[in-house]
Amino acid sequence: MTDTESKEVGELLRGCLQESRDAQRKLYKLFFGYAMSICLRYSKDAEEAKEVLNDGFLKVFTRLKQYDPQKPFKGWLRRIMINTALDNYRHNLRHYHLADLETVEPAADTFDVLQQLNYEYLISLIRLLSPGYRAVFNLYVIDGYTHEEISAILGISVGASKSNLSKARANLRAALNKSRIHEDKQYV
């Protein structure tokens, strides 16, 4: 973040501390894309991600006094969004309808394989994982948590974390292979 950007964020944060709706709106718009990308990784669909995003920003605005201005705001925001998404996961766990990747086929696109392997496509494959596998995969692979940290966050054993990661990777590998088969059939 450049000095100009960090000054702008600092001004917006001061405005938010004074409960300025205009400053809150600008901060929300400034970090919407970044926060939404985090929420999408942990949510089953875009609608749920928007709910998580709004809950996360509500926490940001109500807990802003806890933020240490000596540390990067983006990191603090990231932590809040991840924790909010995990809270949502724990809250809705019993309501999720778990589906195995073998029973859910990813949509076959008309793009070539290289075009399919973009961010959106990979996120859509990750969304097909069961909520437990998805949470562990995101925490370990994308957000860099250790299995011990994941164990504490999700309330599962370290072994369960490792097992869920292994199964998530296997399911993703199978989904990628299946999409390649669909790709080949398009040209036969």
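Is Y140 buried, partly exposed or exposed? Y140 is partly exposed, because its relative accessible area is 30%, and the cut-offs are under 20% for buried, over 50% for exposed and in between for partly exposed (1.4 Å probe, protein chains only). More on this residue follows below.

## The model and its overall fold

This is a predicted model, in which local features need pLDDT of at least 70 and side-chain atom pairs count only at pLDDT 80 or more, while totals for chains, interfaces and linings use all residues. Residues are numbered from 1 along each chain as its sequence is written, and side-chain values use heavy atoms, with hydrogens and water left out.

The protein has nine helices and zero strands, so reading from the N terminus gives α-α-α-α-α-α-α-α-α. Helices (H or I, at least four residues) and strands (E, at least two) are DSSP runs, numbered from the N terminus. Of the 188 residues in the protein, 39% are buried.

## Salt bridges

Let us turn to the charged pairs. Side chains of opposite charge can pair when their charged atoms come close. With a salt bridge defined as a side-chain nitrogen of Lys or Arg within 4 Å of a carboxyl oxygen of Asp or Glu, a search of the whole structure finds five. One of them joins R41 and D143, whose closest N and O atoms are 2.5 Å apart. R41 sits in helix α2 (residues 21–42) and D143 in the loop between α7 and α8, so this pair ties together parts that are 102 residues apart in sequence. Both R41 and D143 are buried.

D87 takes part in a salt bridge with K59 (3.1 Å, N to O). Because D87 belongs to helix α4 (residues 73–92) and K59 to helix α3, the pair ties together parts that are 28 residues apart in sequence. D87 also meets R90 in a salt bridge, at 2.8 Å from N to O. These two residues are three apart in helix α4, so about one helical turn separates D87 and R90. Both partners of this pair are partly exposed: D87 has 37% relative accessibility and R90 has 35%.

## Surface patches

Two patches deserve a look. Patches are made of residues with over 30% relative accessible area and no salt bridge; like charges are joined within 9 Å, and nonpolar side chains (Val, Leu, Ile, Met, Phe, Trp, Tyr) within 5 Å. Accessible areas come from the Shrake-Rupley method with a 1.4 Å probe.

D45, E47, E51 and D55 form a negative surface patch. Among its members, D55 lies in helix α3 (residues 46–62) and counts as partly exposed, since its relative accessibility is 43%. The nonpolar patch consists of Y140, V141 and I142 and covers about 210 Å². Y140, the residue from the opening question, belongs to helix α7 (residues 131–142).

V136 is another residue of helix α7, and V136 counts as buried because its relative accessibility is 0%. T146 lies in the loop between α7 and α8 and is partly exposed, with a relative accessible area of 35%. The C-alpha atoms of T146 and V158 are separated by 9.3 Å, and these residues are twelve apart along the chain.

H147 is in helix α8 (residues 147–154). With 10% relative accessibility, H147 counts as buried. Its side chain makes a polar contact of 2.8 Å with the side chain of S161. A polar contact here is a pair of N or O atoms within 3.5 Å; within protein, one must be able to donate a hydrogen and the other to accept it, and residues adjacent in sequence count only if both atoms are side-chain atoms.

## A backbone detail at E19

Most residues other than glycine have a negative phi. E19 has a positive phi, near 60°, although this residue is not glycine. E19 is found in the loop between α1 (3–17) and α2, where E19 counts as exposed at 60% relative accessibility.

Key: Lys and Arg count as positive and Asp and Glu as negative; His and the chain ends are not counted. The place of a charge is taken as NZ of Lys, CZ of Arg, CG of Asp or CD of Glu.
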